[in-house]
Amino acid sequence: MIIPRLWGQRLMGFVIRKLRRYYKVIILIFDLVLIVISYIIAFLIKFNGELPEFNFKPFINAVPYILVASVIYLDMFKVLSFYRKSVFDILKSSGSVGTLLGITTIAITYMLQGFSFPRSVLLMAPFIQFVLLSLFNLALLRLRRRFLGKKKIMIVCDDLVTSQVLIDKIHSFLKMDKIEKEWVLDITQKKIIFRRLNEMDEIFMSADIPAELKAEIIKRCMGGKQVIYVVPHLVEISLINAKLMQLEDTPSLMIPTLGLTTEQAFVKRLFDIIVSFLGLVIVSPLLVIVAILIKLTSKGPVLYKQERSTKNNKSFMLLKFRTMKVNAEEDTGPVLSTENDPRVTPIGRFLRKTRIDELPQLINVLKGEMSLVGPRPERPFFVSQFIHDMPEYSYRFAVKSGITGFAQIFGNYSTSPEDKLRYDLMYIRNYSLLLDIKLILQTIRVLFTPGSSCKGVNSIINAMEEIAATDSGPAKHGNKLSV
C-alpha cells in the first residue's frame, strides 16, 4: 500500500507543479470557451432552443476572429490576473471585455458580410459574457483568497517620519491581503530587522535605505520564501537591462548608454507617423464633438498652446484641448497642476481623467516634435527646477517626449516628480517597439476606465510587470525581487 500511495503523492505533486506553470493558459482556455458558449446561449434564446444553419453559419465564420479579439481584450483588461484584485475589479474587467467584444463582433460580421447574424444575438451576447466571465473569475478569486493564507509583512525605511507617504501607499497596496503581523522599522533597528527576516512573507524597502543594508537584506533572503519589493534609487535604474560580459574569466555588467540606437529611432519614428496619422483620422469625429463642448461651456480658444521640452531639452509648442479657465496663471504664475485644481473647468476635469485632452498632440507627433510613447513633456520653467533638485532629471531628455508612457498611465497629476522620473528612466532603459504597443493598449484601457491609474509602489511594480509580461502573483516557493 505504501508504494501506490507514494506514486499518488508524486502524481499529485506533478499535476500541481504543471498547474502552477500553465494556470494562466488554462484560465484563458476556459474564458474563451465561456465566450463562445455565451453566443450559443444567445442563439438558443433567440430561436427557442434551436440553431438554424442559415443564422448560425455567420457566427461559425466569425469565431476565429472573435477568439483573437477575445485574447487581446482579456489581456488588455487583465482578466487573467487575480493579484490584489477586488470583486469590483473583476466585474469591471468582465464588463469591459463584453462591451468591446460586442462592438468588435458587429464589425467582424459586417466585414464578413454575415448579414443573417441576428441583431438580438449581438445585443444579448455581451450581457451573457459579462455574467459567465464574472461568475467564473469571482469563483477563482475566492479560491485564491482561501488558499493564500495570512501574511507577515516588514516595511524598512530610512526614517519613519519622512517615509510616511510611502508607508501609506504600501498600506493601500496591501489592503486586499490578510495580514497576520506587520513590522514597520527604520534603519536604526537593524538587529530586529535581521532577526525577523526569515519569518517574513513580504519585505518592502524604501529608496533611501543605504546600499549596504539593502544588499545585506537581499543576501539574507536569497533563496528563501520572501517576496522583496524595492523602490529603486534613480541611479539603480541604470542597472536595468545591463548586459552580462566577461573580462577574461571574471563576469561583469556592461551598462549601455541611455537612449535609442539609430535603428530603434528609425523604427519608432516610422511607427509614430503611421499610428498618429491613422489616429487623427479615426478620432476626428470625437475631436469635433469635444471642440464644440469646450466652446459651449467656457469662454476662450478650443486649443491651448504651451511651450514644452522634448529630446535634448529642445522647446516646442504643445497642443492640448483647453481644460482650464482663460488666463488661469495670471495671478499665480507657473504652478504645477493638482488633482483637484480649482482652475480646471468641469468639462476639462472629464477630459483630463479620460486623457482626451491629449489627443491634439497627435499633430505634434506627426510633425516629429513628440513621440506616441515617451516621458511626459514638461514646461521649461519646471525642468530647470527639477534638474536643480535632481540632476538625474536631465537623463529623461535622451528620447522625445510622448503622449503616453509609464508615468502617464500608472501615475497621476499628484504623482511626485521623482516617481515620474523613475517611470521615465524605466521606459528608456527597456524601450522596444513591443513595449510601445503594450503601453498604447494600456492607454486605451485607461480611456475606458477613467481614474484607473495605479498609485505608489503598486504602480512601480505594475510598470515592471508590463515589461516582463510575467505572472503577477507572489511566488511562495522562492524569493522574488520586485523593483
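Author: Buried means under 20% relative accessible area, exposed over 50%, and partly exposed in between, with a 1.4 Å probe and protein chains only. The model is predicted, so local features need pLDDT of at least 70 and side-chain atom pairs count only at pLDDT 80 or more, whereas totals for chains, interfaces and linings use all residues. Residues are numbered from 1 along each chain as its sequence is written, and side-chain values use heavy atoms, with hydrogens and water left out.

Reader: With which residue does Glu418 meet in a salt bridge?

Author: Side chains of opposite charge can pair when their charged atoms come close. A salt bridge is a side-chain nitrogen of Lys or Arg within 4 Å of a carboxyl oxygen of Asp or Glu. Here the side chain of Glu418 meets that of Arg422, at 3.4 Å from N to O. Arg422 is buried, with a relative accessible area of 5%.

Reader: How many residues apart are Glu418 and Arg422, and in which helix do they lie?

Author: An α-helix has 3.6 residues a turn, so residues three or four places apart point the same way. Glu418 and Arg422 both lie in helix H13, four residues apart, which is about one turn of the helix. Helices (H or I, at least four residues) and strands (E, at least two) are DSSP runs, numbered from the N terminus. Salt bridges with shared partners join Glu418 and Arg422 with Lys169 and Asp419 in one network.

Reader: Where in the chain are Lys169 and Asp419?

Author: Their side chains meet in a salt bridge with an N to O distance of 3.6 Å. This pair links distant parts of the chain: Lys169 belongs to helix H5 (residues 164–173) and Asp419 to helix H13 (residues 417–429), 250 residues apart. Lys169 is partly exposed, with a relative accessible area of 29%, whereas Asp419 is buried at 13%. The structure holds eleven salt bridges.

Reader: Which residue forms a salt bridge with Glu358, and how far apart are the closest N and O atoms?

Author: Glu358 pairs with Arg376, and the closest N and O atoms are 3.5 Å apart. Glu358 lies in the loop between helix H9 (346–354) and helix H10 (361–367), and Arg376 in the loop between strand E9 (371–373) and helix H11 (380–389), 18 residues apart. Both Glu358 and Arg376 are buried.

Reader: Which residues of helix H7 are buried?

Author: In helix H7 (residues 211–221), the buried residues are Leu213, Lys214, Ile217 and Cys221. They cover an arc of only 105° around the axis, which puts them on the same side of H7; the arc is that of the directions from the helix axis to the C-beta atoms. On the other side of H7, Ala211, Glu212 and Lys219 are exposed.

Reader: What covers the buried residues of H7?

Author: The cover includes strand E1 (151–157), helix H6 (190–196), strand E3 (202–205) and strand E4 (227–230), where contact means heavy atoms within 4.5 Å. Six of the seven residues of E1 are themselves buried.

Reader: In which sense do E1 and strand E2 pair, and over how many bridges?

Author: Two strands pair if DSSP finds at least two bridges between them. E1 and strand E2 (residues 179–186) pair in the parallel sense over seven bridges, and Val156 stands opposite Leu185 in E2. E1 and E3 also run parallel, joined by four bridges; the partner of Ile155 in E3 is Phe204.
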